[in-house]
Amino acid sequence: MNPISGGRTLVREDIEQIIRKYALQNAVKYGGKAQVEPVVGKIFYEHPDLKEKMKEIAELVKRVVREVNELPESRQRETLGKIWPESLVAKRKIEEKVFPPLPNVEKYECVHTRFCPNPDGALHLGSIRAAILCDEYTKMYKGRLTLRFDDSDPRVKPPIPEAYDWIREDLRWLNVVWHDEVCQSDRMEVYYGYAEDILKMGLAYVCTCKPEDFRVMVNANKSCPCRGLSPEENLERWDRMLNGSYGEGEAVVRIKTDLEHPNPAVRDWPALRIVDTRKYAHPRSGDKYRVWPLFAFCCGIDDHDLKISHVIRGKEHLTSMARQLYLYKYFGWRYPDFIHYGRLKLTGSVLSKSKIRVGIKSGLFSGWNDPRLGTIIALRRRGFIPETIRDIILDIGPKPVDITLSWKNICSYNRKNLDTVANRYFVVVNPIVLTVRGVKKPFVSEPPLHPGYPEGGHRLLRVQPERSRVKILLSRSDLETLKSRKLVRLMGLFNVSINEIKRKGILAEFHSEPYVTAKELSMPLFHWLPERGNLKVKVIMPSAEVVEGLGEKDLMNEDVGGIVQMERFGFGRVDSKVDDEIFIYYAHR
Ligand SMILES: [Zn+2]
């Protein structure tokens, strides 16, 4: 036994368990990766007496964080739930309060929801809403969530082979937990079976009319000639659809509905059509199938077959529902309960998958993670964290009204989350030289990595005068302020008096050292760098413009993926490091 704390004696095992708890909590909060500094900060905040053993504790934290980060996210969550269940429960309770309950839960053995992305692109802020809402409800009712890839349109929305994994990765990152996976492209025989059944029942027919002719008839509430065919004749046509006798666009299976239905799009809607898969091969099944189900048909069947209890989706799916209700009536099925939420509009960001696809092809965007896009991978790359995205979606909730979200909103959510965790550094953009005279001694500045957790470590900046002069680098954007202010403070260093501003640089005189003097004289604070020993920094802005500058050398200690705050400039994520150069994707101010 090694008591290292006064009062209630904490043995090393106790301390390690406490550290593990905080590390797991931090990992669960930030997408599976705990960081040392916030854990250290939390330990000393909760157990100030442990500060006596600061070095030992810091070492211990490093080791435990490393161990925790090696666990898959699901294990982290599970372990945290075991050793500290209240940390997970507390948050859930708050969310339950603000979330409207699902309808008719008591009618089902288990709440079963589904998230159905089309893998024809990456997930974005709009499409992720259904995933987070379903996940939240699933967790709330201890139900099941099925991830269903709606990949049944090789013609208009062809799936991208890599997108299946992009989607899984984004969901894991967002802490969305799903229990099973289904691909529509694996269920073709199932759809064929139901198509045949409904043709036999005489409640569907194979229509060979030209689409424009059909539209004229149906808009006039008239039936097309194919509607009166017998089931035998329809099955014969169905065979010809399957065996290739009809070409693309020459035949379609239609579900019989009320021809007086107020919405013309519902009247005798198309359920299956022909796609020339020799030309438009499906990435998973190639040209094996040439008859493909349309959205309302396969989704309606899947929801029933998979025993989905609650469908949570946007109200743009209301037409689909009106179509599916016929299918459910004919098969004698019970329609799932549903929540239809309003549209989520985002100002100032490209969300449309087809626009993104065209932009990538033409070279306008560098990829699905181009910083100008609202895709989840793009946001991730810029330093948005999963908590931010979940917070936004959960705050909006499943309301039926339309919501407009601006980038300003999103950034302020993220800023709030990052402010307490991101390490701070000086990055000087377009440097200008400030020469300070009258510096009598060397200075060592040791600003903390984060002012809220001074125990979490510090950076080191040295200034060594030569013949009482030092050269300091400032951001060119501070030039305007310098022109109007006589006295300024270099953060964490000393105060100077500005003498002369020239095109090539600025001349100043050492004024004083204490921060209080700067405060008393209301000097503006500038971040700065020593003249030598800095890193080259390239910051990729949200506009994709690259801003070049210099950064303090300690920035190299940040891991790729680490989120930093460049003081007086903004937050960003370390994207890569090469030799003495570091690339940062800019998030926001
Ligand atoms: Zn017809």
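Predicted model: local features only at pLDDT ≥ 70, side-chain atom pairs only at ≥ 80, totals over all residues.
**The whole protein**

- The protein has 589 residues, and buried ones make up 53% of them.
- Its secondary structure comes to 18 helices and 27 strands.
- Take the C-alpha trace along its principal axes, and you get a span of about 100 × 65 × 40 Å.
- The accessible surface is about 27500 Å², and carbon and sulfur atoms account for 51% of that.
- Now look at the contacts with a separation of 6 or more: 69% of them are between residues 24 or more positions apart.

- For reference, the ideal angle for four tetrahedral donors is 109.5 degrees.
- Cys-207 belongs to strand S4 (residues 204-207) and Cys-224 to the loop between helix H9 (211-219) and helix H10 (231-243), so the two tie together parts that are 17 residues apart in sequence.
- Are these two cysteines buried or exposed? Cys-207 is buried, with a relative accessible area of 0%, and Cys-224 counts as buried too, at 4%.

**Salt bridges**

- Searching the whole structure turns up 43 salt bridges.
- Back to our opening pair: Glu-513 counts as partly exposed at 35% relative accessibility, and Lys-441 is partly exposed as well, at 39%.
- Another salt bridge brings together the side chains of Glu-248 and Arg-155, at 2.9 Å from N to O.
- Glu-248 sits in the loop between H10 and strand S5 (252-255) and Arg-155 in the loop between strand S2 (144-149) and helix H7 (163-173), so this bridge ties together parts that are 93 residues apart in sequence.
- Glu-248 is partly exposed at 29% relative accessibility, and Arg-155 is partly exposed at 34%.
- Arg-459 and Glu-567 also meet through their side chains, with 4.0 Å from N to O.
- That pair links distant parts of the chain, 108 residues apart: Arg-459 is in the loop between S15 and strand S16 (461-463), and Glu-567 is in the loop between strand S25 (563-566) and strand S26 (570-578).
- Both Arg-459 and Glu-567 are buried.
- Some salt bridges share partners, and they join Arg-114, Arg-148, Asp-150, Arg-187, Asp-302, Asp-303 and Asp-305 into one network.

**A closer look at Arg-114**

- Where in the secondary structure does Arg-114 lie? You'll find Arg-114 in strand S1.
- Arg-114 counts as buried, at 7% relative accessibility.
- The side chains of Arg-114 and Asp-303 are joined by a polar contact of 2.8 Å.
- If you leave aside neighbours within four places in sequence, the residues in contact with Arg-114 include Cys-134, Leu-145, Thr-146, Arg-148, Ile-308 and His-310.

- Helix H11 (residues 295-305) is mostly covered, with eight of its eleven residues buried.
- Among the buried residues of H11 are Phe-297, Cys-298, Cys-299, Asp-302 and Asp-303.
- Just after H11 comes Lys-307, which takes a positive phi of about 60 degrees.
- In H7, the buried residues are Ala-163, Tyr-164, Ile-167, Arg-168, Asp-170, Leu-171 and Trp-173.
- In an α-helix there are 3.6 residues a turn, so residues three or four places apart point the same way.
- What covers the buried residues of H7? The cover includes strand S1 (112-115), helix H6 (128-140), S2, strand S3 (180-183), helix H14 (376-381) and helix H15 (386-396).
- Asn-175 follows H7, and its phi is positive, near 65 degrees.

Methods. Residues numbered from 1 in each chain as written. Heavy atoms only, no water. Helix = DSSP H or I, 4+ residues; strand = E, 2+ residues; numbered from the N terminus. Buried < 20%, exposed > 50% of the residue type's maximum accessible area, 1.4 Å probe, protein only. Contact = heavy atoms within 4.5 Å. Areas by Shrake-Rupley, 256 points an atom, 1.4 Å probe, with all protein chains shown as cover. Polar contact = N/O pair within 3.5 Å; in protein donor to acceptor, adjacent residues only side chain to side chain.
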